[in-house]
Amino acid sequence: MQLAIGSDHRGRELYRVLCEHLSKDARFDLRTFASEEITDYPDIASTVAQEVSSGFADFGILICGTGIGMSVVANKYPGVRAAPCHNELMAEFSRRHNNANVLCLSGDMLGDVSGLRIVTRWLETPFEGGRHEHRLEKIREIEHRHRPVSILEEDEAFVG
């Protein structure tokens with residue numbers, strides 16, 4: 001499973017712990033994105049979200065100060081369902097009901113142990129499907145309806 005993990009400077013410590021832990025698990029092929037310098041969270045979030053949106057990664061994990069900024073950016077990408085989760089129950093429900101494919105964590109508010117527990121629960125929880133599937137289809141329809149249209153597409157629609 002391809003797993004993209006990224007962090008800005010405020011999530012760096014939790015990022016290191018997660019990468020070390022997950023790299024020991026043969027199920028995961030990690031694609032990591034971080035810098036030792038001060039980093040703007042939109043840059044890292046864009047990189048990881050693009051990995052998931054394009055299908056290069058199956059799932060993504062993003063860490064910033066609160067997890068909120070990363071989720072705002074990641075959710076701009078088609079097909080990305082990023083959820084900021086501050087406990088194991090939120091992580092579980094984000095997967096079971098929303099089929100979240102990007103987990104956003106707080107480097108400032110979570111310790112190493114709670115961060116690892118949240119990630120473990122999130123990765124081990126399957127999507128329930130069923131009654132939740134039609135809601136995800138509605139999200140896909142909204143994404144399609146509001147996607148930016150390029151000038152070339154507008155010209156083709158006008159000519160055709």
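Contact here means heavy atoms within 4.5 Å. The model shown in these views is predicted.

**View 1. Helix α4 against helix α5.**
Glu88, Leu89, Ala91, Glu92, Ser94 and Arg95 of α4 are in contact with Arg117, Ile118, Arg121 and Trp122 of α5. By class, the residues of this contact are four nonpolar, one polar and five charged. Helix α4 covers residues 88-96, and its axis comes within 8 Å of the α5 axis, with a crossing angle of roughly 20°. Angles under 35 degrees count as roughly parallel, so α4 is roughly parallel to α5. The crossing of α4 past α5 is right-handed.

**View 2. Helix α1 against helix α5.**
Helix α1 spans residues 12-23 and helix α5 spans residues 112-124; their axes come within 10 Å and cross at roughly 50°. This angle makes α1 oblique to α5. Here α1 passes α5 in a right-handed crossing. On the α1 side the contact is formed by Glu13, Leu14, Val17, Leu18, His21 and Leu22, and on the α5 side by Asp112, Gly115, Leu116, Val119, Thr120 and Leu123. Seven nonpolar, three polar and two charged residues make up the contact of α1 with α5.

**View 3. The largest pocket.**
The volume of the largest pocket is about 190 Å³. Its lining includes Asn75, Lys76, Tyr77 and Pro78. Ile142, Glu143, His144, His146, Arg147 and Pro148 also line the largest pocket. The lining residues divide into four nonpolar, three polar and three charged.

Definitions and conventions:
Residues numbered from 1 in each chain as written. Predicted model: local features only at pLDDT ≥ 70, side-chain atom pairs only at ≥ 80, totals over all residues. Heavy atoms only, no water. Axes fitted to C-alpha atoms, helices over the stretch in contact; angles between N-to-C directions. Helix = DSSP H or I, 4+ residues; strand = E, 2+ residues; numbered from the N terminus. Parallel < 35°, antiparallel > 145°, perpendicular 65-115°, else oblique. Left-handed = near helix turned anticlockwise from the far one by under 90°. Nonpolar A, V, L, I, M, F, W, Y, C, P; charged D, E, K, R; others polar. 1 Å grid on protein atoms, 1.4 Å probe; cavity = no way out; pocket = protein on both sides within 12 Å on 5 of 7 lines; lining within 4 Å. Points joined across faces, edges and corners; volume = space filled by probe spheres on them.
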